[in-house]
Amino acid sequence: MASTDSLRECVVASIRRYFEDMGNTEPEQIYRKVLAQVEPPLIEETLAFTGGNQSRAAKILGMTRNTLRNKLKHYGISAR
């Protein structure tokens with residue numbers, strides 16, 4: 001199994017569990033909530049992987065360096 005398949009399976013399992021845990025409560029703004037929980041650690045771990053190299057991290061993440069810098073500011077993430 002490719003690593004992207006296992007990542008997808010983890011996401012599917014987590015979302016299903018979240019909906020099950022909500023019971024009869026209608027979830028709200030789940031897209032925003034998921035991004036707010038997933039994006040910061042994704043950025044942090046990618047920066048750690050690149051030794052803090054923002055240009056390389058941005059390339060790995062598929063965004064421009066300016067977009068990465070804006071997200072660092074938005075989430076209060078240290079560039080290291």
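Reader: In which helix is the place of Thr-46?

Author: Thr-46 has its place in helix α2, where a helix is a DSSP run of H or I with at least four residues, a strand is a run of E with at least two, and numbering goes from the N terminus. The model is a predicted one, in which local features need pLDDT of at least 70 and side-chain atom pairs count only at pLDDT 80 or more, while totals for chains, interfaces and linings use all residues. Residues are numbered from 1 along each chain as its sequence is written, and side-chain values use heavy atoms, with hydrogens and water left out.

Reader: Why does Thr-46 count as buried?

Author: Buried means under 20% relative accessible area, exposed means over 50%, and partly exposed lies in between, with a 1.4 Å probe and protein chains only. Thr-46 has a relative accessibility of 8%, and therefore counts as buried.

Reader: Which residues does Thr-46 touch, not counting those up to four places away in sequence?

Author: With that exclusion, Thr-46 touches Ala-57, Ile-60 and Leu-61, a contact being heavy atoms within 4.5 Å.

Reader: Why is Thr-50 called buried, and what does its side chain reach?

Author: Thr-50 is found in the loop between α2 and α3, and its relative accessibility is 8%, so this residue counts as buried. Its side chain reaches the backbone oxygen of Asn-53 at 3.2 Å, which can be set against the limit for a polar contact: a pair of N or O atoms within 3.5 Å, where within protein one must be able to donate a hydrogen and the other to accept it, and residues adjacent in sequence count only if both atoms are side-chain atoms. Leaving out residues up to four places away in sequence, Thr-50 touches Arg-56, Ala-57 and Ile-60.

Reader: How do you know that the buried residues of α3 line one face of the helix?

Author: The buried residues of α3, which spans residues 54-61, are Gln-54, Ala-57 and Ala-58. Seen down the axis of α3, these buried residues fall within an arc of 100°, so they line one face; the arc is that of the directions from the helix axis to the C-beta atoms. An α-helix has 3.6 residues a turn, so residues three or four places apart point the same way. What covers the buried residues of α3 includes α2 (30-49) and α4 (65-75).

Reader: Why are Asn-66 and Glu-45 called exposed, whereas Cys-10 is called partly exposed?

Author: Asn-66, in helix α4, has a relative accessibility of 56%, so it counts as exposed. Glu-45, in helix α2, is likewise exposed, with a relative accessible area of 56%. Cys-10, in helix α1, has a relative accessible area of 48% and is therefore partly exposed.

Reader: What volume does the largest pocket have, and which residues are closest to its centre?

Author: The largest pocket has a volume of about 550 Å³, and of the 14 residues that line it, the closest to its centre are Leu-7, Val-11, Val-34, Gln-37 and Val-38. On a 1 Å grid over the protein atoms alone, a pocket is an open set of points with protein on both sides within 12 Å along at least five of seven lines, a cavity is a set where a 1.4 Å probe fits but cannot get out, and lining residues have an atom within 4 Å of a point. Grid points are joined across faces, edges and corners, and the volume is the space filled by probe spheres set on the points. The largest share of the lining, 8 residues, comes from α2.
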